[in-house]
Amino acid sequence: MEGVFSIVIGVFFAVAVYLLMSRQLVRVLLGIAILGNAVNLLIFTSGRLLREVPPIIPEALQVPDETIANPLPQALILTAIVISFSFFAFLLVLAFRAYQELGTDDTSEMRVAEPTGETSPPQGY
């Protein structure tokens with residue numbers, strides 16, 4: 001099962017990097033969202049995918065008597081989901097305002113800070 005998740009994580013990372021290299025802001029935002037999901041799956045998979053009992057220790061014991069689930073990856077994923085959702089919402093509003101002001105979502109046309117009469121810097125290698 002972890003092998004399947006490893007392949008899915010690799011595909012998510014590849015798709016995210018491909019979308020992040022795009023010139024349209026909407027694709028870049030989708031790439032950021034997919035990258036966040038890939039990182040969450042990576043953390044989840046690194047915490048092992050076993051069906052174990054919740055990490056609750058009975059009152060009579062000092063340590064658990066059976067194998068329990070590791071709560072740390074679960075807590076990290078919950079925190080990362082909240083942070084990535086708020087970051088995505090902020091970037092979505094930022095991209096919408098940039099589209100309203102500039103009238104385009106193409107990043108190569110969003111060069112308002114550069115002077116108009118001069119030659120533009122190199123766009124690639």
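Let me start with one definition: a residue is called buried under 20% relative accessible area, exposed over 50%, and partly exposed in between. Please keep in mind, everyone, that what we have here is a predicted model.

So, which label does Leu42 get at 42% relative accessibility? With that value lying between the two cut-offs, Leu42 counts as partly exposed. You'll find Leu42 in helix H2, which covers residues 25-46. Leaving aside residues up to four places away in sequence, Leu42 touches Ile9 and Phe13. For a sense of distance, take Ser108: Leu42 and Ser108 are 66 residues apart along the chain, and their C-alpha atoms are separated by 33 Å.

Let's stay with H2 and look at its packing. The axes of H2 and helix H3, residues 71-102, come within 9 Å and cross at roughly 175°. An angle over 145 degrees counts as roughly antiparallel, and H2 and H3 are therefore roughly antiparallel to each other. On the H2 side, the contact is made by Leu25, Leu29, Ile32, Ala33, Asn40, Ile43 and Phe44. H3 contributes a list that includes Pro73, Leu76, Ile77, Phe87, Phe88 and Leu91.

Now over to helix H1, residues 2-20, where Val4 has its place. Is Val4 buried or exposed? Val4 counts as exposed, because its relative accessibility is 53%, and the cut-off for exposed is over 50%. Val4 also belongs to a nonpolar surface patch of about 480 Å².

Methods. Residues numbered from 1 in each chain as written. Predicted model: local features only at pLDDT ≥ 70, side-chain atom pairs only at ≥ 80, totals over all residues. Heavy atoms only, no water. Patch = residues over 30% accessible without salt bridge, like charges linked within 9 Å, V, L, I, M, F, W, Y side chains within 5 Å. Areas by Shrake-Rupley, 256 points an atom, 1.4 Å probe, with all protein chains shown as cover. Salt bridge = Lys/Arg side-chain N within 4 Å of Asp/Glu carboxyl O. Helix = DSSP H or I, 4+ residues; strand = E, 2+ residues; numbered from the N terminus. Buried < 20%, exposed > 50% of the residue type's maximum accessible area, 1.4 Å probe, protein only. Contact = heavy atoms within 4.5 Å. Axes fitted to C-alpha atoms, helices over the stretch in contact; angles between N-to-C directions. Parallel < 35°, antiparallel > 145°, perpendicular 65-115°, else oblique.
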